[in-house]
Amino acid sequence: TLIRQSIGPKLGDLCGKYNASDKDWLKRWISNSPGMIFDDKDPRAIALWEANNKAAMNAFSGFSDQQLDDILFYLSPECFGD
């Protein structure tokens with residue numbers, strides 16, 4: 001059986017990979033990961049992109065700051081429940 005890396009970062013175990021201090025970075029990543037990769041040349045964003053078959057996640061620029069907080073809380077309340 002061939003095991004293949006999924007497209008895009010896995011959303012489980014956010015606390016194992018990130019912590020509360022990463023919250024602003026994650027919100028920017030959700031809002032505009034292509035901009036972080038191709039415009040800002042953010043090293044973490046580039047590494048994540050390369051680790052996921054160079055498949056960039058769509059930009060979700062329509063989310064409000066509160067909605068982004070809610071998404072992170074929903075995915076990992078133990079890490080982002082402030």
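Reader: Which residues form one aromatic cluster here?

Author: Tyr18, Trp25 and Trp29 form it. This is a predicted model, where local features need pLDDT of at least 70, side-chain atom pairs count only at pLDDT 80 or more, and totals for chains, interfaces and linings use all residues. Residues are numbered from 1 along each chain as its sequence is written, and side-chain values use heavy atoms, with hydrogens and water left out.

Reader: What makes two rings a pair?

Author: Rings of Phe, Tyr and Trp (its six-membered ring) pair if their centres lie within 6.5 Å; planes under 30 degrees apart count as stacked, over 60 as edge-to-face and the rest as tilted.

Reader: How many aromatic pairs does that rule give?

Author: The count comes to four. In one of them, Tyr18 with Trp25, the ring centres are 6.1 Å apart and the planes are at 20°, so this pair is stacked.

Reader: Are Tyr18 and Trp25 buried or exposed?

Author: Both are buried. Buried means under 20% relative accessible area, exposed over 50%, and partly exposed in between (1.4 Å probe, protein chains only).

Reader: Which pair is edge-to-face?

Author: Phe38 and Trp49 form such a pair, with 5.3 Å centre to centre and 80° between the planes. Phe38 lies in helix H2 (residues 23–39) and Trp49 in helix H3 (residues 43–51), so the pair ties together parts that are eleven residues apart in sequence. Helices (H or I, at least four residues) are DSSP runs, numbered from the N terminus.

Reader: And what does Phe38 count as?

Author: Phe38 is partly exposed, at 42% relative accessibility. Trp49, at 15%, counts as buried.

Reader: Back to Trp25. What sits over its ring?

Author: The charged end of Arg44, 4.5 Å from the ring centre. For this, NZ of Lys or CZ of Arg must be within 6 Å of the ring centre and within 35 degrees of the ring normal.

Reader: New topic: how many residues has the largest nonpolar core?

Author: It has 15 residues, and those with the most contacts inside it include Tyr18, Trp25 and Trp29. Such a core is a set of buried Ala, Val, Leu, Ile, Met, Phe, Trp, Tyr and Cys residues joined through side-chain atoms within 4.5 Å.

Reader: Which element gives the most to this core?

Author: H2, with six residues.

Reader: Where is the kink in H2?

Author: At Asn32, shortly before the proline Pro34, and the kink is about 105°. The bend at a residue is the angle between axes fitted to the seven residues ending there and the seven starting there.

Methods
Helices (H or I, at least four residues) and strands (E, at least two) are DSSP runs, numbered from the N terminus.
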